Amino acid sequence: MQAFQKNSDIFYLLSEGISEGILVVNAKQQIVATNSAAQEMFGYKKGELEGKQLEILIPGRYRTVHEQHVKTFIEKSEKRPMGGGQNLSGVRKSGEEFPMEAGLNPFQLYGATYVMALIIDISERKSIEKELNIKSEALKSSINGITITDALLPDRPVIYTNAAFEQLTGYSNDEIMGKNLRFLQGTDRDQPGVEEMQKAIDEGRSCQVEVRNYRKDGTLFWNEISITPIRDENGTVTHYIGIQDDITKRKKIEQERLYWSKIFDESMNEIFVFDAHSLQFIHVNQGALKNIGYSLEEMVRMTPVDLKPDYNEARFRKTIEPIVKKRVEKIEFETVHERKDGSSYPVEVHLQLSQLGERAVILAVILDITERKNYTEKLERTVAKRTKQLSEALEVEKELNELKTRFLSLVSHEFKTPLSSILTSITLLAKYTQSEQQQKRDKHIETIKNKVRYLDKILNDFLSLERLESGKVNYKIDTFPLSKVVNEVVYDANMLLKAGQKIQYPHDIDDIDIHFEEKILELALSNLVHNAIKYSPEHTVIEVQVNRNGNTLEISIIDEGIGIPENDQKHIFNRYFRAKNALLDQGTGIGLSIAKQHLENLGASLWFESEENKGSTFTMQIPISIEK
């Protein structure tokens, strides 16, 4: 110790410039020198530690073990760096223990061995570590999902997630790390909450939003996200902490509440909620406010008695007493309600006891029974209405009978004329016996064929009509090119064209396939094209137009013919009906009716626009694909 004291001036000169505490002990573990930092650290005055055993700075429970450690260390004469992985403790003069780190350096001086200990009080560090550990454990064990993203890296990747976030999203930590959290939105990016959150990030501020997110298995959940920016000493945002909370159940409850609230408010019945004891109104729906004429602000200052001129408070309380005392579940009675404007109306009242939190309330559903009370008047109106309907039905029946009469006349004419032509042609055929008369024979044979085809068409129309009326129609739905049907109809129609007439074929239909009943489409299109030819003069154009509109086709037949008189247009699809300007032409008046009914049975439609002497446009709207 004396040898060391000879150089004490040098030691103090060097040690006082060091912020760490310095202790020098000899081989007997006797303190031979200290600096002021060590004295202050352990709570001793200058010179007070010199000559004391080192053990006074060691907690009592460690002294025996520590003495052996020091002896072994001196024998090995090896340096030990600060920390060394050991948890060391010191004890102050006051008896207070504190954590520390010590670096040990053995050295020789005048043949004696000494150890210089460089000591650091790590109480503050330990405190911070403890606090960080607590916070880390809190983050890990939090029921909320927690993420930390790096704001300084491109696309702000995730650098930390807790277990709750993994459980919330279904993704593992490895699948989340390094990604931007927008992946949880999938393609559902157009959300107000997402827009608000992006705006807050751009502005470097906190925000709380609700967004739709999607778990790894694709299921939707509502996520309430709170983000908070973390700034460095320069104010730069370096990280964002996000707290996630699954609020799917809450959103569902809110939606259900809003749904029932909407039903409550939008109900056409009057609904009132009032306190079971004070009778004060709590809530009134829009249906009641609209009918009664008061505002909600006025109603909450009123009671049911204010609406019932036939009741005073005592009578009303006596009426509701059975449900207030729970002797019955509900009460029904009739009374009169008075509106704000003084008018009154009869009502049927339904009362039921309910609970609003801890508050007993009565739910009142009010039915306006004005119509019921005016039953006689209503019955008279009903009788008058029925009488009018019967009269209209009789008119319809009368009109139908007239149509049937006209039909029988038409049918007899339509059959008689071609049969007469057939008979005449057969008679003339018998006269043409010479070979050179073959051309005349062919002419009459063709006439017979045409008339037979015409009669066959009439019979097929009647059979089709009978099947429609009996419900025995079986449709066969197939996929086919539209051009196939149009080509066949136009080809056959060319045989019927008058002098100078021509059919304008539609453009760009070769690539259109249609899933429909081919025969019905051919029947309807043929009927419309043949009518256009029949009712159009010579040297005119019959135009077939095809337009695609979404999943439907519109096929229009446009002619320059006689048109349909305005007064006849409402009957044009009636069976047996023929417009007054078409009575001299062949026809039964059922072709359009049959075509329209078939098309409507298949989900298609048929309509027209026409002006007398200027022509007509008949349009079929057909779904490109229909269900079988």
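How do the axes of helix 16 and helix 17 cross, and within what distance do they come? Here are my notes, with that pair in point 2.

1. First, some ground rules. This is a predicted model, where local features need pLDDT of at least 70, side-chain atom pairs count only at pLDDT 80 or more, and totals for chains, interfaces and linings use all residues. Residues are numbered from 1 along each chain as its sequence is written, and side-chain values use heavy atoms, with hydrogens and water left out.

2. Now the helix pair. The axes of helix 16 and helix 17 (residues 518–534) come within 10 Å and cross at roughly 35°. Axes here are lines fitted to C-alpha atoms, for helices over the stretch in contact, and angles run from 0 to 180 degrees between N-to-C directions. The crossing is right-handed, meaning that the near helix is turned clockwise from the far one by less than a right angle.

3. Who meets whom? On the helix 16 side, the residues in contact include Leu482, Val485 and Val489, while helix 17 brings Leu521, Leu525 and Ile533, among others. Contact means heavy atoms within 4.5 Å. Sorted by class, this contact has nine nonpolar, two polar and four charged residues. For that count, Ala, Val, Leu, Ile, Met, Phe, Trp, Tyr, Cys and Pro are nonpolar, Asp, Glu, Lys and Arg are charged, and the others, Gly among them, are polar.

4. Next, look at the open sheet of five strands, in the order 17-19-20-22-21 with mixed pairing. Strand 17 (502–504) and strand 21 (605–611) sit at the edges with a single partner strand each, so one side of each has no neighbour in the sheet. From one strand to the next, the twist averages 15°. Strand 20 (residues 552–558) and strand 22 (residues 615–623) run antiparallel and are joined by seven bridges; two strands pair if DSSP finds at least two bridges between them.

5. Helix 16 (residues 482–494) lies across strand 17, strand 19 (541–549) and strand 20, at about 165° to strand 17. Helix 18 (residues 591–601) touches strand 21 and strand 22, and its direction makes about 140° with that of strand 21.

6. Two hairpins share strand 4. Strand 3 (residues 88–91) pairs antiparallel with strand 4 (residues 97–109) over four bridges, and serine 89 stands opposite proline 99. Five residues lie between these strands, and glycine 95 takes a positive phi near 95°. Strand 4 also pairs antiparallel with strand 5 (residues 112–121), over 10 bridges. That hairpin has two residues between the strands, and tyrosine 110 takes a positive phi near 55°.

7. Is glutamine 191 buried or exposed? Glutamine 191 is buried, with a relative accessible area of 3%; buried means under 20%, exposed over 50% and partly exposed in between (1.4 Å probe, protein chains only). You'll find glutamine 191 in the loop between helix 7 (173–176) and helix 8 (192–203). Not counting residues up to four places away in sequence, glutamine 191 touches Val211 and Arg212.

8. Finally, the whole chain. There are 18 helices and 22 strands, counted as DSSP runs (H or I, at least four residues, for helices; E, at least two, for strands) and numbered from the N terminus. Of the 628 residues, 39% count as buried.
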